[in-house]
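Please open the model in your viewer and keep the selection tool at hand. The tour below goes from stop to stop, saying what to select next and what is there.

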Amino acid sequence: MATDRYACIHGHFYQPPRENPWLEAIEQQDSAHPYHDWNERITEECYGPNGSARLLDHEGWLLGISNNYSKMSFNFGPTLLSWMEEKAPDVYQSILEADRLSIERFSGHGSAIAQAYSHLIMPLASVRDQLTQVRWGIRDFEHRFGRKPEGMWLAETAACIHSLEALAECGIAFTILAPRQVKRYRKIGDAAWTESSTAGIDPTRAYLCRLPSGRSINLFFYDGPVSQGVAFEQLLNNGEVFAHRISDTLTNGRQGARLAHIATDGETYGHHHKYGEMALAFALHSFEQREDVTLTNYSEFLSLHPPEHEVEIHENSSWSCVHGIERWRSDCGCSTGGNPGWNQAWRAPLRSALDFLRDALADIFEERAAEWFRDPWRARDDYIHVILDRSPGRLDAFLSDHAAGPLNADQRVLALRAIEMQRHAMLMYTSCGWFFDDLGGLETVQVLQYAARAIQLAQIFTKDDLEEAFLRRLENAWSNPPHRRSGRQIYDEMVRPAVVDLARVGAHYAVSTLFDDDAHAESVYCYNASLLDCRRFEAGRAQLCIGRVCLTSKITTDSDDISFAVLHLGDHIINGGARHFAGDEQYSELVESLTSAFDRADFGSLLGIMDRAFGTSSYSLGSLFADEQRRIVDRILADTMERLTQTYTGIHRRLTPLMRFLSSLQIAPPRALTFPAEFVVHNSMIAAMQMEEPDPAEIESIIQEARKQSIPLSESRIAYEYETMLIRLAKAAAESDDPLSLIEQLGSLVALLEKTPEIRVNLAGVQLTIYRIVEQTVNGFDWDLVMREHPERMSALKRACQAVRVRHPRMAEFALN
């Protein structure tokens, strides 16, 4: 049924870049425990669930699955999608598939829109950087979605005339802004303007914004009150209320086409608000069922109902700062609100220091890069092709297109260092560096690391001490109590230790080599490694490794021959050194002197030789990159943990009768008794759950024993491992040619949870997988044959469906409900 009432929900899905600038990878982030890092955690809580959102009835039975992305409008940060492509490919593909589905759903208009590349505040960027950000965002979008974007999201919806000009120049048709960014509006053709401060803006229309260049761009202004309700007022607690709140905005009595639309951070749906993706799925589904409101996206609505009104915006305005864009350059009063009494006076000197660095780097780039590129700034714009594809062939094609002439190996390194310097000069402006409350926060340290990497890359091109000049400005920024520190101190304590050169990569490789029994790694993060020599010696617990490795950056092609030596005296006692290879003669002398001292077990002399050979380029276990450090520490701890386990197991075995007796009398045992018991029982439980084929009977036996001794099983690690086990089994069943054979085991483990309420497990992933298995089974099996020859499997499937509350639309046909 045709209608002039439309609804659209936009999600801005984004995470700040978290990659170590020297490794191009995210290292372990303990604050995201039990996940490896925050990207992984939020993917599990939000990005994945929105690609497979559950539609439940009022009793909690799963009735269907919704790919929310296919029915809404959305954008993803390019750096987040780059991470997701490698680390969460299934989720990544569900996002791309959603855009393809939305093209079919919305008259040929995809729901995905692009994003300015690295989420910097566009009005605070140079005009040149604004254009590069838009061009990189467009190219990244085309690379992933296979089409040109019609719209583009601006970080924090921060806009000015220059940023809108950049969008229009690059062919972007529209963007989405906050209602308070409107200055005035009028019907196209009218002479008189209406000030938004007196009449407000009607967000149910599309608007045209004419630009000084003669170009124009379409603007949508989301509904502020409803968006606020979603983000901060628990509107996602009920999907039905959520849907009605959106459609209620259409009852303004105005004639003509009207669009009810909201925009929020996409992470609202599942990360900030648990199960928010389900409320979103319910709202989208309810709009699909209605005849009085049509679900749409911005591109489709714009094609059907072009603007009849035009608008002018407030310069330098945004959605998350009532003072315009001051949140990213001054102590305006906007903050997260979680730290009363703190100030953000550090924002201005941080911005000033980075602006100084940006301008200095631009001058260096313009002067020096002209030696290797015909047009350095055009080369920077096209460098996105290399960022998206780091293969040697793609790099050769880029240099062929832009080099001023043939480049030798050294010139290629210099050219790539210069353009990488510019990449990091933009990454250091990621908006999150200013958004939160303190200078020493994770996000601000991240932008300082990008600045440090840019300085490191630039230093070869100038005699000026850029780092010292930068720090003189940064030391005017101060963090908040109780650990009040200047920006210089934070840089020295949290940024400088993270700086990596090829010698440190060599040291990391050397220590890793000591603990690798077989093949040596051919790469270390974004560095290729070619082992040239490796000699290992052992004497009791002591080990010595001496060698050479050629390391080459995959990013700049910079290369060096590194010689190294590492001594391990057992446990965590590791001493090593790495330096530029000084020649065969010195290397042979080093090998001879080290091996001679090691043969005599003269470790004091050996360490002295290493100190003289490597000087300040010495390293320990603490010098390793975080993930490898964790792996080696775990390996070192393995023997200790095994001995502790044996000791505690013996204690627990002797104390079990006493623990059972105390439990029967409801007498709480002293902590000295409960600790060994908890340690042993929890370890036994985790080991049983981590088995390739977990035995439900064994797990149930451990649970029963825990109850007999009043040992709690509510520890979060138990729940995490139980959930991981169930998902692993469910995925194995889904990938099996005969999934019904694995269902009974899964059903038994889920049913066991009903008897063990203290183990609180989120069954969403299992529920989704079981539903898909049922769907696959319904569509792919000869049911008469299965019912006749394998009735026990059908019974297992029925029990599993009942255990996780799955009700497929066709299940009733086969008496499964």
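## A guided tour

Begin by selecting Phe220, which counts as buried because its relative accessible area is 0%, where buried means under 20% relative accessible area, exposed means over 50% and partly exposed lies in between, with a 1.4 Å probe and protein chains only. Before going on, note that this is a predicted model, in which local features need pLDDT of at least 70 and side-chain atom pairs count only at pLDDT 80 or more, while totals for chains, interfaces and linings use all residues. Residues are numbered from 1 along each chain as its sequence is written, and side-chain values use heavy atoms, with hydrogens and water left out.

**Aromatic pairs**

Phe220 and Tyr298 make a tilted aromatic pair, with 4.6 Å from centre to centre and 50 degrees between the planes. Rings of Phe, Tyr and Trp (its six-membered ring) pair if their centres lie within 6.5 Å, and planes under 30 degrees apart count as stacked, over 60 as edge-to-face and the rest as tilted. Because Phe220 belongs to strand β11 (residues 216-221) and Tyr298 to helix α10 (residues 298-304), the pair ties together parts that are 78 residues apart in sequence. The helices (H or I, at least four residues) and strands (E, at least two) named on this tour are DSSP runs, numbered from the N terminus.

In total, the structure holds 36 aromatic pairs. Another of them to select is Tyr117 with Trp136, which counts as edge-to-face because the ring centres are 5.3 Å apart and the planes stand at 90 degrees. This pair links distant parts of the chain, with Tyr117 in the loop between β5 (112-115) and α4 (127-145) and Trp136 in helix α4, 19 residues apart. Tyr117 is buried at 8% relative accessibility, and Trp136 is buried with a relative accessible area of 1%.

While you are at the loop between β5 and α4, select His119, which is found there as well. His119 has a positive phi of about 60 degrees although it is not a glycine, and it is buried, with a relative accessible area of 1%.

For a group of rings, select Phe13, Tyr47, Tyr69, Phe74, Phe76, Phe141 and Phe145, which form one aromatic cluster.

**Charges, over rings and in pairs**

Next select Arg128 and Trp377, where the charged end of Arg128 sits over the ring of Trp377, 3.8 Å from its centre. A charge sits over a ring if NZ of Lys or CZ of Arg is within 6 Å of the ring centre and within 35 degrees of the ring normal. In a second example, the charged end of Arg327 sits over the ring of Phe435, 3.7 Å from its centre.

Side chains of opposite charge can pair when their charged atoms come close. How many salt bridges does a search of the whole structure find? The search finds 49, a salt bridge being a side-chain nitrogen of Lys or Arg within 4 Å of a carboxyl oxygen of Asp or Glu. Since Asp99 lies in helix α3 (residues 89-105) and Arg147 in the loop between α4 and β6 (152-153), the pair ties together parts that are 48 residues apart in sequence. Both Asp99 and Arg147 are buried.

Then select Asp129 and Arg380, which form a salt bridge with their closest N and O atoms 2.9 Å apart. Asp129 is in helix α4 and Arg380 in helix α12 (residues 376-382), so that the pair links parts of the chain 251 residues apart. Asp129 and Arg380 are both buried.

**A buried strand residue**

Move on to Ile262 in strand β12 (residues 258-265), which counts as buried because its relative accessibility is 1%. Leaving aside neighbours within four places in sequence, Ile262 has contacts (heavy atoms within 4.5 Å) with residues including Cys8, His10, Tyr222, Phe242 and Tyr298. Although Ile262 and His10 are 252 residues apart in sequence, they are 6.0 Å apart in space, C-alpha to C-alpha.

**Backbone details**

Finally, select His33 and Pro34, which are joined by a cis peptide bond with omega of about 10 degrees; Pro34 is in the loop between β1 (5-13) and α1 (38-51). The peptide bond from Pro481 to Pro482 is also cis, with omega near 10 degrees, and Pro482 is in the loop between α18 (466-474) and α19 (487-495).
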